[in-house]
Amino acid sequence: MIGNQIIYLDRVDSTNNYVATLISEGKARHGMVILADTQTNGRGQRGSTWQSEDAKNLLLSFYLEHPDLEIIQQESLTHLVSISLSNTLTKFGIPNHIKWPNDILVGTKKIAGILIENQLRGSKIIASTIGIGINILQTTFDFKGSTSVSIESDSIISKENFFSEFMKQLNELYPYLINKELDKLKKLYLNKLWLLGIESTFESNGQIFKGSILGTDEYGRLLVEVKKEIKTFDLKEIKFSLRNEP
Ligand code: BTN
């Protein structure tokens with residue numbers, strides 16, 4: 001079960017780094033979760049940093065060993081985690097979307113982010129460290145594009161309640177990954193994908209253009225229809241324009 005062992009830390013550089021150390025010491029165990037109140041070097045996607053006020057938010061990493069997962073199936077991990085987060089927010093009455101590939105949005109604001117680091121052997125992913133930051137109690141942000149559970153909800157939702165519901169959602173969906181029902185995960189993911197099928201504005205290589213998201217390909221790249229032509233983008237190749245409203 002994911003969450004069978006939980007390690008609580010007051011302060012750490014990054015929960016993902018903490019798992020990396022456990023891996024190097026041979027102490028990482030499948031399903032273990034590391035939770036921290038404060039990170040001094042929280043890491044985000046594309047080398048960015050993840051900022052969080054002390055003790056206000058959920059900062060966690062969990063470790064999964066995969067019996068049989070191909071590198072080309074790595075988008076299924078993204079699906080598993082982003083749908084679990086999205087379902088948790090929905091359970092607490094907060095409408096949300098998944099912005100490709102794995103940001104969780106409320107309206108146009110980001111409420112949670114995911115950083116997945118995989119260990120590879122040959123063509124397989126043998127294990128993953130899945131780091132997640134979820135803004136829960138923080139109410140002011142340097143970056144205007146962020147929001148939190150307490151901003152978005154009228155009820156009081158504690159970090160503990162959010163965490164246990166998230167573990168429940170994750171454990172409910174995890175069998176899809178194990179049983180190779182990856183198409184089901186993808187379907188759930190596409191159901192929550194922000195701007196799917198909606199004409200929107202994007203930026204690529206300094207060019208601004210309109211297009212409509214069709215979904216993702218088998219590698220998890222974004223498929224966008226631009227002037228009746230289907231174009232494929234990876235993470236570094238496309239930006240969503242701030243003009244897009246849900
Ligand atoms: C993103 O850029 O959207 C991903 C953010 C991931 C942040 C979390 S917080 C817990 C874990 N430890 C880290 O250093 N990063 C992830």
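How many Å separate the centres of domain 1 and domain 2, taken over C-alpha atoms? The answer is 24 Å. Domain 1 covers residues 5-192 and domain 2 covers 199-244, with bounds that come from an automatic or database domain assignment.

A quick word on the ground rules. This is a predicted model, where local features need pLDDT of at least 70, side-chain atom pairs count only at pLDDT 80 or more, and totals for chains, interfaces and linings use all residues. Residues are numbered from 1 along each chain as its sequence is written, and side-chain values use heavy atoms, with hydrogens and water left out.

**Where the domains meet**

Ten residues of domain 1 are in contact with 14 residues of domain 2; contact here means heavy atoms within 4.5 Å. Between them, the two domains bury about 1,000 Å², with 65% of it on carbon and sulfur atoms. Buried area is the accessible area (1.4 Å probe) that two parts lose on being put together, summed over both. On the domain 1 side, Arg46, Glu75 and Trp100 lose the most area to domain 2, together 57% of what that side buries.

Helix α5 (residues 182-192) gives the most to the side of domain 1 that touches domain 2, with three residues. Helices (H or I, at least four residues) and strands (E, at least two) are DSSP runs, numbered from the N terminus.

Rings of Phe, Tyr and Trp (its six-membered ring) pair if their centres lie within 6.5 Å; planes under 30 degrees apart count as stacked, over 60 as edge-to-face and the rest as tilted. Trp194 and Phe240 have ring centres 5.6 Å apart and planes at 25°, so they are stacked. Trp194 sits in the loop between α5 and β8 (199-204) and Phe240 in strand β12 (residues 239-240), so the pair ties together parts 46 residues apart in sequence.

One of the salt bridges joins the side chains of Asp37 and Lys159 (3.2 Å, N to O). Asp37 lies in strand β2 and Lys159 in helix α4 (residues 159-178), so this pair ties together parts 122 residues apart in sequence.

| Backbone feature | Value | Loop |
|---|---|---|
| Cis peptide bond, Trp100 and Pro101 | omega about 0° | Pro101: between β4 (97-99) and β5 (103-106) |
| Positive phi, Ala55 | phi near 65° | Ala55: between β2 (32-39) and β3 (58-65) |

Ala55 is a residue other than glycine with a positive phi.

Terms used:
Salt bridge = Lys/Arg side-chain N within 4 Å of Asp/Glu carboxyl O.
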